[in-house]
Amino acid sequence: MLYREAGQYKVTYGADQAIFPIAQDRFVMLALLAIAFIVVPMVATEYVYRAVLIPTVILALAAIGLNVLMGYCGQVSLGSGAFMGVGAYAAYNLSVHLPFLNPLVSILLSGFVAAGIGILFGIPSLRIKGFYLACATLAAQFFGDWAFLRIKWITNYTPSGSVNAPAIQLFGIDLSSPTAIYVVALGFTLVLGLATKNLVRGHVGRQWMAIRDMDIAAEIIGVRPMYAKLSAFAVSSFLIGVSGAMWAFLYLGSWEPAAFSIDRSFQLMFMVIIGGLGSILGSVLGAIFIVLLPIFLNQALPPLGELVGWKISTATVSHFESMIFGALIVFFLVVEPHGLARLWSIAKEKLRLWPFPH
Amino acid sequence: MTLRKAALLAAAIVSASLIAAGAAQAQNEQFIPGLVYRTGAYAPNGVPFADGVADYINMINARDGGINGVKILFEECETGYATDRGVECYERLKGKGPTGAAYFSPLSTGITFALTEKAPGDKIPLLTMGYGRADSRDGAVFTWNFPLMGTYWTAANVAIQHIAKEWGGFDKLKGKKIALLYHDSPYGKEPIAALEIMSKKYGFEFLQIPVPAPGSEQKSQWLQIRQARPDYVLLWGWGVMNSAAVSEAGNVNYPRDKMLGVWWSGAEPDVLPAGDKAKGYKALMLQHPAGKFAVHKDIEKYVVSQGKSLAKPEEVGQVLYNRGLINSMVGIEAIRTAQAKFGNKPMTGEQVRWGFEHLDLTADRIKQLGFEGMMGPLKPSCADHEGTRLSRVHQWDGKEWKVISDYYTGDDSILLPLVEQVAGKYAAEKKITPRDCSKES
Amino acid sequence: MGFFLEVLTGGLLAGVLYSLVALGFVLIFKASGVFNFAQGAMVLTAALALVRALEQFEAWKWPFWLALIGAFLFAAAIMAAIAWLAEKLVLRKLVNQEGIILFMATIGVTFFLEGLSQTLFGSDVYPLNLGLPKDPIFLLESVFDGGILVNELDIWAAVIAGLLVAGLAIFFQRTRIGRALRAVADDHAAAQSVGIPLNQIWFIVWLVAGLVALVAGAVWGSKLGVQFSLSLLALKALPVLILGGFTSVPGAIIGGLIIGAGEKLAEVFLGPSMGGGIEIWFAYVLALLFLLFRPQGLFGERIIERV
C-alpha cells in the first residue's frame, strides 16, 4: 500500500533511468545516508567504529569489486587478497617516494596500480574458465604473498618487512580520529560504489553480463571477450586495490604481508556469495554479515554457554565459531543460493502488495 | 515457517540481551587482558604459554587476594596469531575494567608491530618479553614497548657467542658457514640485521633460508642445507615449523647437535613430535630452564589442586609454561611498583608503564617470589627497556632439557649501535622526538 | 648430478603424497561434479580420529596390530558418518545448483569440519606412529659422493599410493558399484532414469573419498604429526588437480609427480637466486602454464561448449 509507484510519472529519460526510480526508494536511501553520516557519528563508541563500522565499510568496497568480477562477469577469482595487498603496498610506496601527495590521493592512485596488475593476472582468463581459472588466480595470490615478503623495495627495505602508514590528514585537518576515518572510508565506498553501479548498468556492464551468461554466444554477437574480461579484471582490481589501501592506511596502520593472505580472499568470496552474486547491494549486505558474525558469536557464545552451565575456553569458542560459520554458509546456500540481495528483492516484491493479498 | 521464524527471532533476542547485560563492573579490580592463541598452526606453543600466564594470575588472586588487595580481572581473547584478530581483541579489551587494560602481551611479533602504532595513543604499555621489535629496547623512542629480558638481536648475538665458545674462540668463526633457517615473517627476519653485522665482523659466511608460513613442509630447505653443508644451523621458527625442522634434520641426517634454536624454538612441543630424532638439539633459553621451582609449589597448591588450571598435569614446569609464569610475574610486579608510587588501587596504563620502567627485580625479590634459579635480576630503565641481556643454552637429551652452558651477556658493542641506528630511523620516520632520559624521574 | 637426482627423487616422492590428497578431489568431482574443497578438512578429521583412537586403544593396552586395525575402523566409521551427513544435508539440498554454489557449500563444510574435529579430538599436535620406518637411506653411495638421500617413509607412501590407485581402478572397472559411479559421473539424469539411486551413489563416493582421505591423513600424519596444518594440504593438492585434470585418476598421479618434482627442483635450484620460498607459487604457476596449452588439464575431459 505504501510502496507503490502509482502516481509517479516520469517526464524525462533521465528520470526513467534513475538508479532509484521509485520515490519511496529514494526517500529510504536518503534516510540511510543521513543515518550513516549524521546519526552514527553521534552515537557510535570507539570500539564500534574500530571493530565494526570501519572494517565493514572498507570490505564492502572490496566485495563490490569482487562482485564485479565474479558476479557480473562470471570470472571466479581467489586472488583478491593479493590485489588488496597490491593496493596497500602501492599506496605505501607512493606515500614514501612522493611524500607531497596527500595519503588519500595515494589511496586513489594505488587503485590504478592494482588495476594494471589485475589486467596482467587476468590474461589467463582469456583461455581458461571456471574452477581452473579460480586455481590460476590462486597463483596470483601466492605469488603476491611471496613478492611482498621477498621483493625488498616494496617494503622500502625495512629489516622486518613490516611497514607503517602515514598519518591521514586533509588540507591540514588531522583525520586520525575514528569518526573521521569512518567518514573518509564511507565517502570512498559511496562514491566508488555509485560509479560502479552506473558502470554495471551501462554498456560495459551489459558486456560483462553477456560474457557471464554465455561467452561464446556473446562473442558471436560482437562482444569482444578480451576487452570485456580484461576490463572486468581492471575495474575489479581497481576497487579491490583502493579498498586494500584503505584497509592498510585507515584500519591497520601497520601491517605485514600476512594481512592479505588467502584467508582474506576467502572472506571476500564469502561476502560476495552470501550477499548475492551480481548485485551491488548484495556485496554490502554480505560485508555486514561476514564482519558482524564472528564478533556476534564471540560475544554471544560464552554467555550462552554459561546459561547451560558450561565454561567454554577461548579455543572452544573459536572452534564453535568455525562450525557455526560453516553451517551458516551451507544453510544460506540451501535456503537462498542467490544471497541476501535476493531475499531483499523478494521482500520488496511482497512490500508492493502489502497489506493486500494480491 | 512462522514457528521457525518465531524461534529464530526469539534466539536472536535472547542472545542480544545476553550481550547487552554483560558482566557487572567491579570497582576495585585491575584488568589484565590475555591475547592468546589456542587454535591454529601456532597453538602447540601458544597453549602452554597461555596456561602459564593464566595460572600465575589465578595463583596471585587465590594466595594474596590480588596485588595489595586489588583483585585481578583476567580475560583471554583468541587471536589465532592473526594480526587483524589481535587488533580487534585489543580494541575490544583496552577499555575494560575500572582503569582500562594494564598492559597487553600479544606473544606475536606481527601483532606487536600493529599495536606499537596504537598503544601510545591509547596509553597502554606493551609487554613483549623476549620478542617484538628488537629496536624497541630504546625506551627513549619506544616509550610504550618493553621487550624485557631479551630481543632477537641479543638472541642472535648470544647464539654466535655460544658457537664461538664451542669451537674455541671467535677467531675460529672465520671462514665457517652458519645458516639461519627462519620463519618467513617479521618474527623470523628480525635477527638478520644483527647476524649480517656479526658475519662481517667475525668473517663467517651467513646463509639465509626462509620457510614460508606455517612451515610444516621443509623438505627442499633441508635438501639445500644438505647440499650447502653449513657448520651450524640457527633455527628461528614457531609453532609447527619447529618440530618439522627437527624432524627433517633427522630425515636428512644433519647432526642435531649442530642446530641451535632461538628461545622460541626450544620447548617440549618442538622436540616431542620428532621423537628420537630430536636428541642432541640445542636451543637458547630466555634465562629460565624447564623444571619446577619454589613458585610451582604455590601454583600447585592454589591453582592446580583446586582444579582451576587449564594446563594438563605434564605441562606444569615445561619451558613455555614457565615462561608464561614469568610473563605474568613481571607484569604484576610492574603494577606493584606503580602502586608503591600511586597508591594501592587499580592502576591506569600510564601508571603501569611507569611501573615497568622503574621495575627493580633484585635477586632477593626474585627469591621471595619463588623464581630463584629461573632468572637473574632485572632492572629496566628509560633508555634500556630490555632490562638485561642474559641467556644460556639447553640441550634435549631425548627425555628432558639439560642446561649445558653458563650465562652469556649480549655484546653491547655490537648491539647498541644497531639499536640506535634502527630506532633513530623509526623516530625520524614517525617524527617522534626521543625522550631525554637524563631528565626522567 | 647426485644432488640433482636427490632433489628429483625427493620431489617425485613428495608429489606422490600430494596426489594422495588430490585423489579424493578427483573421486568426488568425477561422480558428483562437486569440487570438494573440504577434502583437506576431511584429511584432518580422519587423521585426528585415527591418532586419538590409536592413543586410546594403546592406553587400554591392546596389542599394537589390534589397536591399529581398531583405530582405522573407528576413523573409517567417522568418515562414513561425515559422508552420510554431507549427502543428506548438503548435496541433496543443492542438487541442481551451479558449480560455484556447491563449491561454496563445500567451503562451508570445511569450516564446519575443522571446528568439529578439533572440538571432538583436540587441537594439539599428535605424533602418529603406524609402525612405518622413517629413517633416511642412502642409495648409490658408490657412484655419488654421500649417496642419494631417500626417505623410507616416502617410499612406503609411494607404495601405499600405488596400491590405492590400483584398488580404485579395480573398484571402478570391475564392480557394479564402480560402473554405477561412472554412470552417475557421465550424466546424473540418465543414470537416475535407469534406476541408479543417486543418493546412495553420492554417499558411497563421499565415503570412498573419505577413506582415501584417511589413508592420506595416515601417511601425512606419520610425516608431520597430526595437527591443524594438515587441512592446508588441500591448497598444495590444487595445482596437482589443475595439471592433471579434475576428472582423471591417472592425471592426479602424473600431475602429482610433475608438480612435486617441479616444485622441489625450482625451490632448490631457482630459489636461492630469488631469495627462496618460491615453492608454493611456483607449483601454481607451473600448473597455469600447462593450462594455457591444455585448458582442461593434461588428462581432463575436453569440455565441448555449444551455444
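The contact between chains C and A takes 40 residues from chain C and 35 residues from chain A, where two residues are in contact if their C-beta atoms, placed from the backbone, lie within 7 Å. On the side of chain C that touches chain A, α4 (99-121), α9 (233-244) and α11 (279-293) of chain C each supply at least two residues, and α4(C) gives the most, with 16 residues. Helices (H or I, at least four residues) and strands (E, at least two) are DSSP runs, numbered from the N terminus. By class, this side of chain C has 27 nonpolar, 10 polar and three charged residues; Ala, Val, Leu, Ile, Met, Phe, Trp, Tyr, Cys and Pro count as nonpolar, Asp, Glu, Lys and Arg as charged, and the others, Gly among them, as polar.

This is a predicted model, in which local features need pLDDT of at least 70 and side-chain atom pairs count only at pLDDT 80 or more, while totals for chains, interfaces and linings use all residues. Residues are numbered from 1 along each chain as its sequence is written, and chains are lettered from A and ligands numbered from 1 in the order in which they are written.

Chain B contains 14 helices and 12 strands, and its C-alpha trace spans about 70 × 65 × 45 Å along its principal axes. Of the contacts in chain B with a separation of 6 or more, 71% are accounted for by residues 24 or more positions apart.

Chain B also touches chain A, in a contact that takes 32 residues from chain B and 26 residues from chain A. The side of chain B that touches chain A divides into 13 nonpolar, seven polar and 12 charged residues.
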